[in-house]
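Welcome! Take a moment to look over the sequence and the 3D view, and then let us walk through them together.

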Amino acid sequence: MSTTTSVVLAAPIKEIGDHLFSMAGEWGEKALMIVILISVVIAVATKMSVKAGIGALIGLVVCVSLYQSKDALSEALKEEIANVGTSQPAPSAPTAEK
């Protein structure tokens, strides 16, 4: 009596998981932009004023720019935390000659 055992390798399962995570991340980024845009439209529609539209547009620009620079900001924060003891003094302006 012979028994055969099928083996499932972990690598294909890992690839599927990586693909699902990357797909969800891409959808999340697109959904975030859509939600921010919808909130701008709702703010303008409920207030029916130019001020609300300008304020919402400025908020949209700030949110999108912060989101797009998240990697650079996180690297700067990591560097600042890692080098907290070795920070250099702030540069001073040259003295004006009289």
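In which helix is Val-50 found? Val-50 belongs to helix H2. Please keep in mind that this is a predicted model.

Is Val-50 buried or exposed? Its relative accessibility is 64%, and exposed means over 50%, so Val-50 counts as exposed.

**The overall picture**

The protein has 3 helices and 0 strands, and from the N terminus its elements follow the order α-α-α. Among its 98 residues, 7% count as buried.

**Inside and outside**

| Group | Residues | Value |
|---|---|---|
| Largest nonpolar core | Ile-36, Val-40, Ala-56, Leu-60 and Val-64 | 5 residues |
| Nonpolar surface patch | Val-50, Ile-54, Ile-58, Val-62, Leu-66 and Leu-73 | about 570 Å² |

The largest nonpolar core is made up of 5 residues. Two elements each give it two or more residues: helix H1 (10-47) and helix H2 (50-68). The largest share, 3 residues, comes from H2. Within this core you can pick out Leu-60. Leaving aside residues up to four places away in sequence, Leu-60 touches Ile-36, Leu-37 and Val-40.

Val-50, where we began, is one of the residues that make the nonpolar patch. H2 gives the most to this patch, with 5 residues.

Terms used:
Residues are numbered from 1 along each chain as its sequence is written. This is a predicted model: local features need pLDDT of at least 70, side-chain atom pairs count only at pLDDT 80 or more; totals for chains, interfaces and linings use all residues. Side-chain values use heavy atoms; hydrogens and water are left out. A nonpolar core is a set of buried Ala, Val, Leu, Ile, Met, Phe, Trp, Tyr and Cys residues joined through side-chain atoms within 4.5 Å. Buried means under 20% relative accessible area, exposed over 50%, partly exposed in between (1.4 Å probe, protein chains only). Helices (H or I, at least four residues) and strands (E, at least two) are DSSP runs, numbered from the N terminus. Contact means heavy atoms within 4.5 Å. Patches are made of residues with over 30% relative accessible area and no salt bridge: like charges are joined within 9 Å, nonpolar side chains (Val, Leu, Ile, Met, Phe, Trp, Tyr) within 5 Å. Accessible areas come from the Shrake-Rupley method with a 1.4 Å probe; for residues, only the protein chains shown count as cover. A salt bridge is a side-chain nitrogen of Lys or Arg within 4 Å of a carboxyl oxygen of Asp or Glu.
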